[in-house]
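The points below are meant for a colleague who is opening this entry for the first time. Please keep the sequence and the structure in view while reading them.

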Amino acid sequence: MTPADRHAAWLSADRGDGTYRNPVLAADWSDPDLVRVGDDYYLTASSFGRAPGLPLLHSRDLVNWTLIGHALERLEPAEAFTVPRHDCGVWAPAIRHHDGRFWIFWGDPDHGIFQVNAEDVRGPWSRPHLLKAGKGLIDPCPLWDEETGEAYLVHAWARSRSGIKNRLTGHRMHPEATGVLDDGTTIVDADRIPGWFTLEGPKLHRHDGWFWILAPAGSVATGWQGAFRSRGFFGPYEERVVLAQGDTDVNGPHQGGWVRTPAGEDWFVHFQERGAYGRVGHLQPMRWDAGGWPVLGEDGNPVRAHRKPALPPQRPSAPATDDDFPGGRFGRQWQWTANPEDGWAPRHSGDGLRLTCVRAADAHDLRRLPHVLTQRLPARPATVEVALCLESGEPGTKAGLAVLGDAFSWIGLERGTDGTVRLVHRFAESVAEGERDAAYSVPAPDGQARLRITIGPEARCRFAADTGAGWTPYGQVFAALPWRWVGALLGLFATAPADPGGTGAGPAGTALFTHFRIVPPAHSFTRAEKS
C-alpha cells in the first residue's frame with residue numbers, strides 16, 4: 001500500500017471488509033443532500049458565509065467520497081459578503097437532477113431562496129437566481145412531478161428573521177425554476193402536532209403515489225427525523241418519527257437526503273451535531289414497513305457500523321485535506337471566510353501558497369478577517385502541520401496556522417519593529433475583542449518555522465513549532481469552539497497593520513506556506529508546556 005493509499009484508508013469510513021463505520025463524512029459537512037445520476041452519487045452541504053460555496057462531493061458506493069468542486073464561486077449579493085458572516089449565507093441546500101441538468105436550491109435567511117443549475121456537475125454553473133425574496137426563508141427543496149407535470153417548492157422558516165418557525169410552506173413553482181406561482185400555503189404546521197418543535201430542513205419526494213416530505217424537528221443537537229406523507233402536495237399530511245437517538249450515542253440524527261440505488265436499495269444520509277467538529281455525516285440503511293412508512297437505521301435507531309451498499313467496490317477515499325500548493329494554487333478543500341479579492345493568493349511558478357499580507361484594521365482578530373483561507377476541522381484525533389516563511393520585511397506583518405471559531409488560537413511568525421522575526425502563539429476567548437499572547441515569543445532564525453496543531457479528543461488542541469532545533473510545544477491546551485451553526489475551522493492567514501493615517505502605503509509583502517498535512521496524531525505532549 002502506498003503512503004497515499006494508507007492516508008486515504010485512515011480518512012475513509014470503509015473498513016475494508018464489506019462494512020463501513022459512521023460517520024462516513026468525519027467533518028462539518030452540514031445539512032447534506034444527495035442525488036443519484038446513473039451510477040454516480042453527488043452530495044452538497046451548507047457552506048454558510050465561505051467562498052467558494054456549495055461543495056460538490058462524488059461517490060459510487062455512498063461510503064467513499066471525494067470533493068470535486070463547488071457550485072457557487074461567490075456569494076450573492078456580493079456586497080453583503082465582503083466581510084465574514086460566519087453563520088449566514090448558504091443554508092441547507094437541496095440538489096436535484098431534472099431535464100438533463102443539475103439544480104441546487106438554498107435559502108439565505110437574510111435575502112431569500114436562490115438556485116443555480118448546470119448541465120455538468122463540474123460546471124460551469126449558472127449565476128445565482130433569486131427565486132423568492134424575503135427574510136427567514138430557509139431550507140428550500142423543489143420537486144418536478146413527472147406524474148402531473150407540475151413543479152413544486154417547499155421551504156421552512158427562520159424565526160430569527162421572520163418571527164415564524166415550526167411550519168413548512170408550499171408553492172407551485174415555474175417549471176424552469178424562475179419563480180413561484182402563488183403566495184404560498186402552510187402545508188405542515190407542527191404547532192398542531194403534540195411534542196413537535198423546530199420543524200425545518202424539508203426534502204420533497206414523490207413515491208408510491210404519495211408526496212413525501214422528510215424533515216427534521218426537535219432542534220439541531222437533540223432532534224429526530226420525521227416523515228410526512230399526503231396524496232396531494234398541499235395536504236393534509238400525516239406524520240411519523242422515522243429516526244431518533246434511542247439508546248445510541250448518536251445525538252440528534254436528522255436532516256439529510258434519501259437516495260435509491262439501481263438495485264432498489266434505499267439509503268439515507270444525515271448529520272450529527274458534534275460541537276466544535278460541526279455536523280458530521282452518517283449513512284443509514286432504509287427500508288419500508290408494511291404500512292408503507294420508511295424505517296431508517298436499525299428499527300429507527302442510527303447504526304454505528306453496517307454492511308456497505310450493494311454497489312461496485314471503490315477504493316478507500318475521503319475529501320482531500322493535504323496540499324503542496326502546486327504552482328501556487330490551493331486545492332478544492334480551501335475556502336475564504338468571505339468573497340475573495342484579487343491578489344490575496346498571487347500565482348507564482350514554484351510550489352507553495354504565497355499569501356499577501358493584507359492590511360487590515362482588524363488584524364488583531366482573525367474572526368473579522370475576510371482573507372483567512374480555511375478548511376474543515378477533522379472530527380477525529382489528528383496532527384496538522386505546515387511550513388511557513390515570512391517573506392515580508394515590513395514591521396507588524398504576521399502569518400500563521402489557526403484554529404478558528406467563536407474563539408481562536410494560532411501559531412506563526414511576526415516581524416518586529418527591529419526587523420527580526422519571532423515565533424508567536426496567540427489566542428482570543430469568545431468574549432474577547434482581540435488576541436493576546438498564549439506563550440512568550442522566541443526568535444525564528446531566517447524567518448522560517450514548521451507549525452503543528454495536535455487535535456485530541458473533544459477538539460482539544462495543542463500547538464507546537466520547530467524553528468530549527470526540533471519540535472517544541474507552546475501554550476496551554478486550547479479547546480476549539482464552533483460558531484452558532486458552523487464548526488471550527490483550520491485556517492492559514494497573512495496580514496499586516498492598517499495603512500497608518502491613510503498614507504497610501506503599498507502592499508505589505510507576502511508569506512509562503514508549504515507542505516500542508518493532516519495525519520494521524522504522532523504523539524501527545526506530556527512534558528511541561530513552554531509558557
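This is a predicted model: local features need pLDDT of at least 70, side-chain atom pairs count only at pLDDT 80 or more; totals for chains, interfaces and linings use all residues.

1. For the charge count that follows, Lys and Arg are taken as positive and Asp and Glu as negative, while His and the chain ends are left out. On that basis the protein chain carries 55 positive and 63 negative side chains, and the centres of these two sets lie 3 Å apart.

2. On overall form, the secondary structure of the protein chain amounts to two helices and 36 strands. A compact globule of 531 residues would have a radius of gyration near 24 Å, and because the protein chain has 24 Å, the two values agree. Along the principal axes, the C-alpha atoms occupy a box of roughly 75 × 55 × 45 Å.

3. On surface and interior, 59% of the 531 residues in the protein chain are buried. The accessible surface comes to about 20500 Å², and carbon and sulfur atoms supply 49% of it.

4. Which residues have the most contacts inside the largest nonpolar core? This core has 55 residues, and those with the most contacts inside it are Val403, Leu423, Leu451, Ala480, Leu492, Phe513 and Phe516. Its largest share, five residues, is contributed by strand β27, which covers residues 382-390. Apart from this core lies another one, of 40 residues, with Ile138, Ile187, Ala190 and Phe233 among them. As general background, nonpolar side chains in soluble globular proteins tend to be buried together.

5. Leucine 451 deserves a separate look, as one of the residues with the most contacts inside the largest nonpolar core. Leaving aside residues up to four places away in sequence, leucine 451 touches a set of residues including Val384, Glu385, Val386 and Leu388. Its other partners include Gly400, Leu401, Ile411, Gly412 and Leu423, and also Ala464, Ala465 and Trp471.

6. Some backbone features may be worth checking by eye, given that most residues other than glycine have a negative phi and most peptide bonds are trans. Alanine 51 and proline 52 are joined by a cis peptide bond, with omega about 0 degrees, and proline 52 sits in the loop between β3 (40-44) and β4 (53-59). Glycine 123 and proline 124 are likewise joined by a cis peptide bond, with omega about 5 degrees, and proline 124 belongs to the loop between β8 (112-118) and β9 (129-133).

7. Positive phi values also call for attention. Leucine 54, in strand β4, has a phi near 55 degrees, which is positive in a residue other than glycine; with a relative accessible area of 0%, leucine 54 is buried. Alanine 92, which is placed in strand β6 (residues 91-98), has a positive phi of about 45 degrees although it is not a glycine. Alanine 92 is buried as well, since its relative accessible area is 1%.

8. Is histidine 205 buried or exposed? Histidine 205 has a relative accessible area of 12%, and because buried means under 20%, it is classed as buried. The residue is found in strand β14 (residues 203-207). Beyond residues up to four places away in sequence, histidine 205 touches Arg96, Leu143, Trp210, Phe211, Trp212, Leu214 and Trp258.

9. Valine 241 lies in strand β17, which runs over residues 238-243. Its relative accessibility is 41%, so valine 241 counts as partly exposed. Once residues up to four places away in sequence are set aside, valine 241 touches Trp196, Trp224, Gln225 and Gly226.

10. Glycine 184 is placed in the loop between β12 (167-172) and β13 (185-189). With a relative accessible area of 30%, glycine 184 is partly exposed, and the residues it touches, not counting those up to four places away in sequence, are Thr169, Gly170 and His171. Glycine 184 and alanine 45 are 139 residues apart along the chain, and their C-alpha atoms are separated by 26 Å.

How values were computed:
Residues are numbered from 1 along each chain as its sequence is written. Side-chain values use heavy atoms; hydrogens and water are left out. Helices (H or I, at least four residues) and strands (E, at least two) are DSSP runs, numbered from the N terminus. The radius of gyration is taken over C-alpha atoms; the globule rule is 2.2 Å times the number of residues to the power 0.38. Buried means under 20% relative accessible area, exposed over 50%, partly exposed in between (1.4 Å probe, protein chains only). Accessible areas come from the Shrake-Rupley method with a 1.4 Å probe; for residues, only the protein chains shown count as cover. The place of a charge is taken as NZ of Lys, CZ of Arg, CG of Asp or CD of Glu. Contact means heavy atoms within 4.5 Å. A nonpolar core is a set of buried Ala, Val, Leu, Ile, Met, Phe, Trp, Tyr and Cys residues joined through side-chain atoms within 4.5 Å.
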